[in-house]
Amino acid sequence: MIIDTHIHLDDERYADDLDEVLNRAREGGVQRFIIPGADPSTLPRAIEIAERYDDVYFAVGVHPYDMDGFVGLEFAKYVEHEKCVAIGECGMDYFRLEGSDEEQEAEKKRQAEVFRAQIEIAKQYKKPLIIHIRNASHDAKMILLDANAAEVGGVLHCFNADDELLSLANENFYFGIGGVLTFKNAKKLVNILPRIPKEKLIIETDGPYLTPVPHRGERNEPFYTTFVAQKMAELLEMPRQEVEDLTTKNALKLFFNGFLDKIA
Ligand SMILES: [Zn+2]
Ligand SMILES: [Zn+2]
C-alpha cells in the first residue's frame with residue numbers, strides 16, 4: 001500500500017478522467033490521496049473531490065506563487081472540514097525572483113510573512129504543514145526553527161536534497177520523495193536518500209508535474225508512485241513491500257494520527 005501525499009487532483013488536467021486516474025492508482029496499491037492547497041481558486045474543486053471519494057483528502061494553504069490568494073482565504077472554514085489533513089502547500093520559492101535587488105528583497109519578505117502566517121495557523125489548529133522550498137533552503141529553515149514549526153511538524157514536499165535541511169528530521173519533519181528520484185540527473189537526491197532517517201520518508205507524485213521515468217514528459221498520476229517506491233527500494237536495498245509499508249506508516253503518522261480510527 002502507498003499513500004500519495006501530494007497530488008494536485010484539482011488540476012484541470014485530471015478533469016476529464018479522474019475516475020480512471022484514481023482507479024489505476026488503487027489497482028496499483030495506492031490507497032490514499034492528499035490534494036495540497038496551492039491556488040485558493042481551485043480549493044472548492046479540491047473539496048468537491050475529497051467529498052466525492054472516501055480515499056481522497058485535502059489541505060488548505062497558499063503556494064508562494066499564489067500569495068495574492070492569501071488575504072481573504074478563510075482558513076477556519078476549511079480547516080474544520082473532516083477531510084482537511086494539513087496546512088499547505090506553503091513555503092519559500094526564490095526560483096522565479098526577478099526585478100531589482102529591492103524588488104527581490106521585498107518579494108522575499110512577503111513570502112516570509114505569508115509563510116510565517118500559515119505556520120501560525122497550523123499551530124493554532126494543530127495540523128501538520130506541507131512545505132514547498134525551492135532555492136530558499138536557508139531562509140525557509142530559519143523560519144521553521146524560529147516559528148517553532150516542530151510543534152506540528154510536516155513534510156518538506158519534493159525534497160530538494162539540500163544537506164542543510166536534513167537536520168529538520170530531528171524537528172518532526174518528513175521528506176517527500178517523488179518522481180525526481182528516477183531522473184538521470186538526480187544524483188544529489190539519490191546520494192542523500194540513504195541519509196534521511198527511514199522513519200521520515202514519505203512518497204508523493206506532485207502530479208501533474210515531475211513524472212518519473214519511464215513516463216517522463218507525460219502527465220504524472222498517482223499510479224506512478226509505484227515507480228518511485230521501486231526506485232527507493234533499489235537505492236535503499238530493501239524489498240519494495242517494505243518500502244511501501246514504511247512510507248505508508250510514516251504518512252499515516254504525520255497526516256492521519258488524529259483520526260486513524262475513522263479510516264479503514
Ligand atoms: Zn510544491
Ligand atoms: Zn505541489
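This report walks through a predicted model, from its metal site to its pocket, cavity, helices and backbone.

## About the model

Because this is a predicted model, local features need pLDDT of at least 70 and side-chain atom pairs count only at pLDDT 80 or more, while totals for chains, interfaces and linings use all residues. Residues are numbered from 1 along each chain as its sequence is written, chains are lettered from A and ligands numbered from 1 in the order in which they are written, and side-chain values use heavy atoms, with hydrogens and water left out.

## The zinc site

Let's start with the metals. Glu89 (OE), His132 (ND1) and His157 (NE2) coordinate the zinc ion (ligand 1) at 2.0 to 2.1 Å; donors are N, O and S atoms within 2.8 Å of the metal (3.2 Å for Na, K and Ca), and sites may look incomplete as water is not among the atoms. Along the sequence, the spacing of these donor residues is E-x42-H-x24-H. Glu89 also coordinates the zinc ion (ligand 2), which is 3.4 Å from the zinc ion (ligand 1).

Distant parts of the chain are linked here: Glu89 belongs to strand 4 (residues 84–93) and His132 to strand 5 (residues 129–134), 43 residues apart. Strands (E, at least two residues) and helices (H or I, at least four) are DSSP runs, numbered from the N terminus. Glu89 and His132 are both buried, that is, under 20% relative accessible area, with exposed over 50% and partly exposed in between (1.4 Å probe, protein chains only). Glu89 is also joined to Gly88 by a cis peptide bond, with omega about 10°.

## Pocket and cavity

His132 returns in the largest pocket, where Arg134, Cys158, Asp206 and Leu210 join it as the residues nearest the centre, out of 32 that form the lining. This pocket has a volume of about 900 Å³, and strand 4, strand 5 and helix 6 (187–192) each supply at least two lining residues. On a 1 Å grid over the protein atoms alone, a pocket is an open set of points with protein on both sides within 12 Å along at least five of seven lines; a cavity is a set where a 1.4 Å probe fits but cannot get out; lining residues have an atom within 4 Å of a point. Grid points are joined across faces, edges and corners, and a volume is the space filled by probe spheres set on the points.

One cavity of 30 Å³ or more turns up in the whole structure, and the largest cavity holds about 50 Å³. Its lining includes Cys158, Phe159, Asp206 and Leu210.

In helix 1 (residues 18–27), the residues Leu18, Val21, Leu22 and Ala25 are buried. They lie on the same side of helix 1, because they cover an arc of only 90° around the axis; the arc is that of the directions from the helix axis to the C-beta atoms.

Helix 2 buries Leu43, Ala46, Ile47, Ile49 and Ala50. These fall within an arc of 160° seen down the axis, so they line one face of helix 2. They pack against helix 1, strand 2, strand 3 and helix 3 (75–79), where contact means heavy atoms within 4.5 Å.

## Backbone details

Asp206, in the loop between strand 8 and helix 7, has a positive phi of about 60° although it is not a glycine. Asp206 is buried, at 9% relative accessible area.
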